Amino acid sequence: MTTYKDKINDKFNQFTSIMEANTRGVKISCYSIALLGLTVAVRRVRPFSRFKRPSDIPSHFIKESRELTGTVEGVDPTKGLLLINHKPLLELPFTSPGALPVKLSGVHVKGHGISWLQAIVRGSQVKFIPVLKEKDWVQSEVSLDQLAYDKKWKTINVAESLVGIGFADMETPAIGSKRYCQQLHTAEIQAERKRLGLRYYVKPTREFVLKLGRTMYHFFASRTAKVVAVR
């Protein structure tokens with residue numbers, strides 16, 4: 001004969017079984033959602049990917065202005081490209097090396113600029129923000145941490161530095177963020193002022209030297225003529 005106590009125990013056991021089954025279901029659902037979220041995050045962040053070609057860079061990296069890091073392995077002397085060995089967030093030991101061709105966005109590098117890049121930037125670790133993917137290279141805003149004269153580290157804009165010393169010309173239209181293009185424009189104005197100042201300094205100095213030379217020539221010529229006449 002089933003007692004009231006037995007009925008309570010049966011109900012309790014049924015309730016416990018249902019809760020355990022639901023708990024396992026909830027855990028499985030949570031694990032599935034977490035795994036799905038991790039998969040999506042890995043696909044968006046690409047922590048293990050080493051970019052070697054412009055096509056390797058996801059389009060949303062450009063839309064979101066993702067900052068990447070890498071080491072400049074070399075400089076293409078014909079096109080003024082930086083050959084950057086991109087460093088992923090998490091490096092795997094079996095990934096093959098390869099250099100990503102990067103063009104300094106918004107500028108055309110001149111002859112002296114190539115030498116400057118080889119002397120200053122080559123072999124250094126840089127940060128770059130992809131701006132535009134093209135077939136043979138990716139245009140990027142490139143920055144470099146450099147030790148200043150006061151022994152403090154300073155982040156410099158590579159393209160801005162080249163334009164500021166006259167080793168690169170600003171392209172029209174310049175491709176990049178509004179702040180980046182404004183920096184290039186300011187550097188271009190400063191470089192033009194330096195060129196104008198040098199021009200207005202060198203030209204009068206050269207004319208003065210030529211005039212002084214002609215005056216001295218006529219002076220010595222006249223003195224020589226007088227000496228000859230006296231003899």
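Predicted model: local features only at pLDDT ≥ 70, side-chain atom pairs only at ≥ 80, totals over all residues.
Let me begin with a caution: over residues 197-205 the pLDDT stays under 50, and for that stretch the model has one contact beyond four places in sequence. Taken over the chain, the mean pLDDT is 77, with 62% of the residues reaching 70 or more. Among the elements, helix 1 has the lowest mean pLDDT, at 53, while strand 3, residues 100-104, has the highest, at 96.

With that in mind, let me turn to the overall layout. The chain has five helices and eight strands, and if you read along the sequence they follow the pattern α-α-β-β-β-β-α-β-β-β-α-β-α. Of the 231 residues in the chain, 28% are buried. Among the contacts between residues at least 6 apart in sequence, 61% join residues at least 24 apart.

Now to the interior. The largest nonpolar core has 32 residues, and those that touch the most other members are L82, L104, L117, V121 and V158. Let me take L117 from that list: setting aside residues up to four places away in sequence, L117 touches V75, G80, L82, L104, V109, R122, V158 and L162.

L117 also belongs to helix 3, residues 111-121, where the buried residues are G113, I114, W116, L117 and V121. Viewed down the axis of helix 3, these buried residues fall within an arc of 160°, and therefore they line one face of the helix. The face turned away from that buried side carries the exposed residues G111, H112 and A119. Just after helix 3 comes G123, which takes a positive phi of about 85°.

From there I would like to move to strand 6, residues 138-147, which is where V138 is placed. V138 counts as buried because its relative accessibility is 0%, under the 20% cut-off. Leaving aside neighbours within four places in sequence, V138 is in contact with P54, I57, L100, P101, V102, K103, P130, L132 and K133. V138 and L104 are 34 residues apart in sequence, and their C-alpha atoms are 8.6 Å apart in space.

S140 is also found in strand 6, and S140 is likewise buried, with a relative accessible area of 0%. Beyond residues up to four places away in sequence, S140 touches V102, K103, L104, S105, F128, I129, P130, V131 and Y180.

Finally, the aromatic rings: how many aromatic pairs does a search of the whole structure find? The search finds one. That pair is formed by F51 and F61, edge-to-face, with 5.7 Å from centre to centre and 80° between the planes. The pair links distant parts of the chain, with F51 in the loop between helix 1 (4-45) and helix 2 (59-63), and F61 in helix 2, ten residues apart.

Conventions. Residues numbered from 1 in each chain as written. Heavy atoms only, no water. Phe/Tyr/Trp six-rings, centres within 6.5 Å; stacked < 30°, edge-to-face > 60°. Helix = DSSP H or I, 4+ residues; strand = E, 2+ residues; numbered from the N terminus. Buried < 20%, exposed > 50% of the residue type's maximum accessible area, 1.4 Å probe, protein only. Arc of directions from axis to C-beta. pLDDT = per-residue confidence, 0-100. Contact = heavy atoms within 4.5 Å. Core = buried A, V, L, I, M, F, W, Y, C linked by side-chain atoms within 4.5 Å.
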